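Please prepare a briefing on the structure shown below.

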Amino acid sequence: MSHPNPTPNPTPNPTPNPNRPSTSTPPPGSPGLADATRGRILFGGDYNPEQWPEETWHEDVRLMKEAGVNSVTLGVFSWAKLEPYPGAREFGWLDRLMDLMYENGIGVVLATPTTSPPPWMGRLHPDTLPRDEDGRTEWWGGRQHFSHSSATYRRYAAAITEDLAARYGRHPALTMWHINNEYCTYDWGDEAAATFRRWLRDRYGTLDALNTAWGTAFWSQGYGNWEEILPPRHAHYMKNPTQVLDFKRYTSDMLLECFAAERDIVRRHSPHAPVTTNFMPIWVGQDAWKWAGEEDVVSVDIYPDPRDPFGAQQGALIQDLTRSQARGPWMLMEQAAGPVNWRGVNHPKPRGLNRLWSLQAVARGADAVCYFQWRQSRQGAEKFHSGMVSHAGPRGRTYQEVKRLGAELARIGVEVTGSHSPSDVAILHEWNAWWAGAQDGRLSSEFDHPQVVSAWHRALWEAHIATDFAHPEHDLSAYRLVVVPQLYLLTDAAIDNLVAYVRGGGTLVSGFLTGVADEDDRVRPGGMDQRLRDLFGIHTLHEWWPLDADETAECDGFRGTLWSEEIESGDGVAEVLYKGGELDGLPAVLRKERAWYVSTLPEPTALRELLTGVAAGAGVRPVLDGLPPQVEAVRRGDLLFVLNHGREAVTVEVPGTHRDLLSGQQVTECLELERYGVAVLSS
Ligand code: GAL
């Protein structure tokens with residue numbers, strides 16, 4: 001592609017103040033997911049027609065209609081096609097597509113293309129390219145090569161967004177805006193250093209306050225001038241942990257600011273269309289609690305490994321988290337109809353698994369079931385990543401299964417969409433705790449935060465206990481049971497919240513290494529906040545005893561993994577003791593009335609039994625009694641979804657008489673489910 005020499009300045013647009021991430025919640029009366037679904041489950045996916053000749057578009061639309069596709073996401077990676085040289089606008093092809101979709105009754109989730117700038121931008125404006133911590137440039141040739149801090153990038157992004165929104169904001173095919181894609185970049189470059197300093201000035205006001213928060217008396221790090229402060233670049237030895245923590249907070253805020261700038265532009269042009277951006281599942285780079293409050297629709301991409309024996313639970317975890325962030329229905333923006341191509345070995349989905357995992361998402365609140373991508377690419381880095389139409393074409397099993405699913409989703413849409421079932425149990429998970437707990441210099445690198453969260457979620461999932469997720473500062477009073485797998489860092493407000501929750505009659509179970517640090521990652525006196533030690537009946541926390549990967553800690557009745565603690569407890573609170581070794585006779589599990597502390601990670605069965613017992617004591621029931629282990633039951637509104645994750649057929653007892661919305665059959669007392677079978681029961 002050749003183009004004339006550029007006009008480097010697109011529509012002038014002042015760079016937003018990078019110090020202050022927008023924290024506006026959606027304006028009152030903002031549209032939501034229901035405005036896009038209108039009683040149907042959205043079904044479709046990313047559509048990248050720029051990869052195909054126009055004849056294929058017509059074939060695509062025919063197949064989409066045959067498969068019940070009612071939604072496509074256009075334009076995610078279209079920047080170079082829309083703006084082939086600076087300031088150019090090539091909208092003709094998109095006009096034709098928007099019209100084609102409208103004429104065929106397919107709604108468009110229109111993306112701003114700002115995740116992948118055209119090559120000319122990097123060539124003409126190297127300041128738009130991010131640098132890694134070693135100072136290396138992230139060049140174009142892949143994707144996501146933009147610096148969140150670059151004023152030039154932001155100007156170009158705002159300009160193309162403005163023009164897209166002005167042109168399509170009122171187009172009848174438009175159902176939703178999709179900003180960027182999976183925001184996930186970091187930048188350690190010079191412009192980022194400047195925005196980092198501004199962000200820090202906003203946070204701390206003075207250098208003294210920053211020096212205190214970062215503990216710069218350690219290792220001679222005291223700052224005397226703001227210009228001395230850098231992003232945590234490559235260093236000889238371990239970096240200042242609070243500097244690293246703040247860099248994570250800042251990065252999430254900077255990306256959020258990029259999102260908010262584009263969101264505000266599209267909202268001006270189409271106040272009726274909800275706005276979203278797709279999260280990656282439990283992604284470390286975005287404080288998704290904060291982000292979710294900025295979106296009209298919370299959406300996520302979910303790609304469990306079909307070979308993972310806990311793939312269904314991994315999916316359930318992300319679904320529970322996303323529903324909780326959305327506080328109701330949410331959008332499954334991307335999943336794979338078959339294999340992905342970014343694992344070491346990429347397995348296809350066996351027959352029925354795509355349907356099962358899609359309906360699992362619906363059971364847990366998804367009102368949209370979408371894929372990356374519609375048609376499998378023939379070129380480019382993702383040509384072996386599946387699409388809804390695979391290389392085998394419409395005769396292929398993948399498309400045939402997609403078609404069946406489309407018909408089924410259409411059947412249940414009216415009864416399902418908009419409904420929501422809060423759970424009795426909340427799992428607490430929070431990004432600052434994750435960031436701070438993952439620093440260099442910790443006592444063990446044998447585990448990470450998501451692994452511990454997942455172990456606790458899995459214990460409850462296997463016990464058929466429905467769970468929400470919550471932020472530790474949220475109002476928890478509606479929950480009978482709150483579990484804290486691990487929150488290494490807790491703010492004062494969060495600690496007070498937990499204490500008040502238990503005082504108010506709630507039951508709390510906390511895992512190890514919780515409440516250790518304050519929000520500056522300063523260890524609290526005694527190694528755990530005093531209020532929490534009082535709550536759990538811990539007199540003295542003498543030492544932490546991390547375990548090697550192959551080591552376990554014998555306890556009375558089970559084995560602990562990953563970690564153990566040398567605790568001297570108050571009277572009458574030791575519930576389970578360590579047996580043998582250095583901790584012999586010391587408490588492994590403590591209980592003071594309704595507050596439990598578990599100082600190790602019990603092996604899976606033991607954790608499940610422990611939590612099941614505590615849940616029962618708190619009045620929490622499984623969704624259905626007597627379920628076989630491979631069967632999951634989920635309530636959504638008045639419906640009961642029953643999902644067989646096993647490879648064998650099963651019979652499940654479902655007291656009463658029901659109608660299965662999928663098969664249309666009446667079900668009385670007993671439900672037969674084939675391998676990977678699903679029923680959606682209405683009573
Ligand atoms: C997502 C991304 C898509 C595609 C997909 C492949 O992370 O948003 O563009 O790359 O992964 O699994």
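Helices (H or I, at least four residues) and strands (E, at least two) are DSSP runs, numbered from the N terminus. Asn-354, for instance, lies in helix H12, which covers residues 353-363. The model is a predicted one, in which local features need pLDDT of at least 70 and side-chain atom pairs count only at pLDDT 80 or more, while totals for chains, interfaces and linings use all residues. Residues are numbered from 1 along each chain as its sequence is written, and side-chain values use heavy atoms, with hydrogens and water left out.

- Asn-354 counts as buried because its relative accessibility is 3%; buried means under 20% relative accessible area, exposed over 50%, and partly exposed in between (1.4 Å probe, protein chains only).
- The side chains of Asn-354 and Tyr-371 are joined by a polar contact of 2.9 Å. Such a contact is a pair of N or O atoms within 3.5 Å; within protein, one must be able to donate a hydrogen and the other to accept it, and residues adjacent in sequence count only if both atoms are side-chain atoms.
- Leaving aside residues up to four places away in sequence, Asn-354 touches Gln-335, Ala-336, Ala-337, Lys-349, Tyr-371, Val-402 and Leu-405 (contact means heavy atoms within 4.5 Å).

**Strand E1 and its partners**

- Strand E1 (residues 42-47) is largely enclosed by the rest of the structure, because six of its six residues are buried.
- E1 pairs in the parallel sense with strand E9 (residues 366-371) over four bridges; two strands pair if DSSP finds at least two bridges between them. Within E9, Val-369 is the bridge partner of Phe-43.
- E1 also pairs in the parallel sense with strand E2 (residues 71-74), over four bridges. Here Tyr-47 stands opposite Leu-74.

**The ligand and its surroundings**

- Residues surrounding the ligand include Phe-77, Asp-301, Trp-342 and His-385 (a residue is near a molecule if one of its heavy atoms lies within 4 Å of it).
- Polar side-chain atoms lie at 2.9 Å from a ligand oxygen atom for Arg-143, at 2.4 Å for Glu-182 and at 3.5 Å for Tyr-303.
- The ligand taken alone exposes 310 Å², and the protein buries 95% of that; accessible areas come from the Shrake-Rupley method with a 1.4 Å probe, and for residues only the protein chains shown count as cover.

**Val-516 in a loop**

- Val-516 is placed in the loop between strand E13 (507-510) and helix H17 (530-536).
- With 4% relative accessibility, Val-516 counts as buried.
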